[in-house]
Amino acid sequence: MTKLWKWLIPSLLALIIAGYYVLFMQSPSVDRSEFKIDIEGMRELTTEPNQGASGPVALNSIVIGEGSFPSAAIVAGASLFSKTTLVFVSYQLIYADGSELILDTAQDESLHNEFYEGEPFYSQRFDIMQTAMKRAKWIVATHEHVDHVGGIAQSPFFEEIKDQVFLSEEQINGPTIEAARFPEGNLEKLNPLKYDGLHRIAPGVVLQKAPGHSLGSQLIYVRMQSGQEFLFIGDIAWGQKNITEQTGRPALVSWLFLNEDRNQVAHQLKALLEMQNQYPEIQLVVAHDSQNLKKLIQNGVGSTFQ
């Protein structure tokens, strides 16, 4: 029996250490990306001579809520004992003719409190966003998770905005959109956007499919009338560190909560790093990174909706 314990205890410790490494410390990485971010194709679609109106003249942001995660849940191998603040942001593009595009819609207070109880939620800002959504000509989302489409699902003006909502076929049919809790029958009222590769959704705005974090994840490229360029990457990364350190979320978060394809995300993280090196003039918009948002605002992005 003594000999058995001498063998069993080290074996159990080894299993625990190995399990901890796999679940919390490890994230796949690649030397070369198989995912191409088609910047030149996006630029071509926003500079066609026959496209009509030019790009937006203003880009504004509004923080609807905040939350916090252990840093180790955001970047595999980071500290379990420190926390990182996440922001839930909606963006407003305004055109010279007064038309608007709303990009991502956060979530309503009930859903926010369910996932981030006790964390800040700004109800007045949510109302400001909803008013802008009523005016908007286009409403789009980087992906179909609750903190990006919840403002659509729980909108008090759903009947007024539904024809301006352009969720992709993959987003509407994705397995995770149920968490946004569209009232019965409402999701079926949306007309799914079907496209392959790239799609110009509005003047100066181009979508590119990027499944991985979710089935319906997509990049959203924005070229302003001024020539300034942005690339909204949704939740491919939760923070700039995911890109610079080439480390994604830990397996426990990816598998248990997100059901994401970690290999696809790894290729996209590599592609984003390569893109930043090749096109430093393009500003990445990392959806939940508060420091990234601060830099955007310093570079001219508005901090509230008009």
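Biologist: How much space lies in the largest pocket?

Modeller: Please note that this is a predicted model. Rolling a probe the size of a water molecule over the atoms shows where empty space is left. For the largest pocket, the space comes to about 570 Å³.

Biologist: Which element gives the largest share of the lining of the largest pocket?

Modeller: The lining consists of 21 residues, and those nearest the centre are Phe69, Phe115, Tyr116, Phe257 and Leu258. Two or more residues each come from β1 (58-70), β2 (83-94), α6 (146-153) and α10 (251-258). The largest share is three residues, and the element that gives it is α10.

Biologist: How many residues of that lining are nonpolar, polar or charged?

Modeller: The lining of the largest pocket includes two charged residues and six polar ones. The nonpolar residues in this lining number 13.

Biologist: Which strands are the edge strands of the open sheet?

Modeller: The open sheet has four strands with mixed pairing, in the order β1-β2-β3-β4. An edge strand here pairs on one side only, and this applies to β1 and β4 (138-140).

Biologist: At what angle to β2 does helix α12 run?

Modeller: Helix α5 (residues 123-135) lies across β1, β2, β3 and β4, at about 140° to β1. Helix α12 (residues 290-298) lies across β1 and β2, and its angle to β2 is about 40°.

Key
Residues are numbered from 1 along each chain as its sequence is written. This is a predicted model: local features need pLDDT of at least 70, side-chain atom pairs count only at pLDDT 80 or more; totals for chains, interfaces and linings use all residues. Side-chain values use heavy atoms; hydrogens and water are left out. On a 1 Å grid over the protein atoms alone, a cavity is a set of points where a 1.4 Å probe fits but cannot get out, and a pocket is an open set with protein on both sides within 12 Å along at least five of seven lines; lining residues have an atom within 4 Å of a point. Grid points are joined across faces, edges and corners, and a volume is the space filled by probe spheres set on the points. Ala, Val, Leu, Ile, Met, Phe, Trp, Tyr, Cys and Pro count as nonpolar, Asp, Glu, Lys and Arg as charged, and the others, Gly among them, as polar. Two strands pair if DSSP finds at least two bridges between them. Contact means heavy atoms within 4.5 Å. Axes are lines fitted to C-alpha atoms, for helices over the stretch in contact, and angles run from 0 to 180 degrees between N-to-C directions.
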